[in-house]
Amino acid sequence: MSQSTAAVTDAGKSRAWTAQRIAFIGVSAALSFIAYEFFRVPNVFGTGSSFHLGNTFTALTAMLLDGVSGGLAGAIGLSMADILAGDPGYAVSTFILKFIIGIVCGLTAHRGFHLRSLRAKQTPRKKYLTAVIVSALSGLLVNVVTDPVIGYFRDRFIFGQPVQFVNYAVKIAAGVTLVNSLLSTVCAAVLYLALRPALEAGHLIPASGK
């Protein structure tokens with residue numbers, strides 16, 4: 001594939017949109033959809049917010065590949081969940097929010113910690129675990145702020161919902177998003193630690209040091 005089709009990754013290097021990368025994003029998007037659609041507590045206190053683990057695969061893909069890939073995986077998978085659930089009005093804001101998660105996680109992982117260059121067996125355990133956990137947590141914590149803020153403007157000015165209800169819903173959404181973020185951080189970190197060696201061995205992700 002020509003250099004003109006390459007994308008700039010969060011590690012500051014260009015990498016082509018290969019079939020393997022696209023397939024990885026597609027699988028992660030599907031897993032995001034499944035985690036949200038089948039493992040969630042919907043409509044918390046009638047606000048439309050849900051407890052779910054869909055963001056896990058946004059952060060995980062960003063750490064394993066790059067922020068753009070992670071953002072696309074979550075944005076596609078969870079926007080599709082909104083559409084199929086009959087809530088297409090939420091799909092646009094969902095796409096933006098999940099893309100932000102992926103970008104922040106990718107930047108933190110690959111520019112902040114240079115996570116790909118760290119080898120689990122050669123890096124002090126505390127340093128390695130800190131890099132993995134903070135990388136996952138970074139974008140998910142940003143989502144604790146961006147989700148209620150974007151949700152407020154969507155519900156108030158696009159959907160035209162009453163201001164009293166929107167204020168109530170935003171407060172609930174902030175708490176629900178915080179819980180989701182903490183749970184997804186744990187899941188993403190555990191999956192990263194378990195999957196990275198096998199995926200590198202199978203040449204499914206860039207190897208350590210690249």
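Analyst: Start with a definition. A salt bridge is a side-chain nitrogen of Lys or Arg within 4 Å of a carboxyl oxygen of Asp or Glu. This is a predicted model, where local features need pLDDT of at least 70, side-chain atom pairs count only at pLDDT 80 or more, and totals for chains, interfaces and linings use all residues. Residues are numbered from 1 along each chain as its sequence is written, and side-chain values use heavy atoms, with hydrogens and water left out.

User: What makes the contact between Glu200 and Arg196 a salt bridge?

Analyst: The N to O distance is 3.0 Å. The limit is 4 Å, so the pair qualifies. Glu200 and Arg196 both lie in helix 6, 4 residues apart, about one turn of the helix. Helices here are DSSP runs (H or I, at least four residues; strands are E, at least two), numbered from the N terminus.

User: Why can such side chains pair at all?

Analyst: Side chains of opposite charge can pair when their charged atoms come close.

User: How many salt bridges are found in the whole structure?

Analyst: The search finds 3. One of them joins Asp66 to Arg21, with the closest N and O atoms 3.0 Å apart. This pair links distant parts of the chain, 45 residues apart: Asp66 is in the loop between helix 2 (56-64) and helix 3 (67-84), and Arg21 is in helix 1 (residues 19-38). Another joins Arg154 and Asp155, at 2.9 Å from N to O.

User: Are the residues of these pairs buried or exposed?

Analyst: Buried means under 20% relative accessible area, exposed means over 50%, and partly exposed is in between (1.4 Å probe, protein chains only). Asp66 and Arg21 are both buried. Arg154 and Asp155 are buried too. So are Glu200 and Arg196.

User: Why is His203 called exposed?

Analyst: His203 has a relative accessible area of 62%. The cut-off is over 50%, so His203 is exposed. This residue is found in the segment after helix 6. Its phi is positive, about 60°, although His203 is not a glycine.

User: Why does His114 get the label partly exposed?

Analyst: The relative accessibility of His114 is 47%. That falls between 20% and 50%, so His114 counts as partly exposed. His114 lies in the loop between helix 4 (88-112) and helix 5. Phi of His114 is also positive, near 50°.

User: What makes a nonpolar patch on the surface, and which residues form it?

Analyst: Patches use residues with over 30% relative accessible area and no salt bridge; nonpolar side chains (Val, Leu, Ile, Met, Phe, Trp, Tyr) are joined within 5 Å, like charges within 9 Å. Here Val145, Val149, Phe153, Phe157, Ile158 and Phe159 form the patch, with about 620 Å² of accessible area together. Areas come from the Shrake-Rupley method with a 1.4 Å probe; for residues, only the protein chains shown count as cover. Phe159 has 31% relative accessibility, so it counts as partly exposed. Phe159 lies in the loop between helix 5 (125-158) and helix 6.

User: Which residues line the largest cavity?

Analyst: Its lining consists of Met63, Leu64, Arg116, Tyr192, Arg196, Glu200, Ile205 and Pro206. Helix 6 gives the most, with 3 residues. A cavity is a set of points on a 1 Å grid over the protein atoms alone, where a 1.4 Å probe fits but cannot get out; lining residues have an atom within 4 Å of a point.

Definitions and conventions. 1 Å grid on protein atoms, 1.4 Å probe; cavity = no way out; pocket = protein on both sides within 12 Å on 5 of 7 lines; lining within 4 Å.
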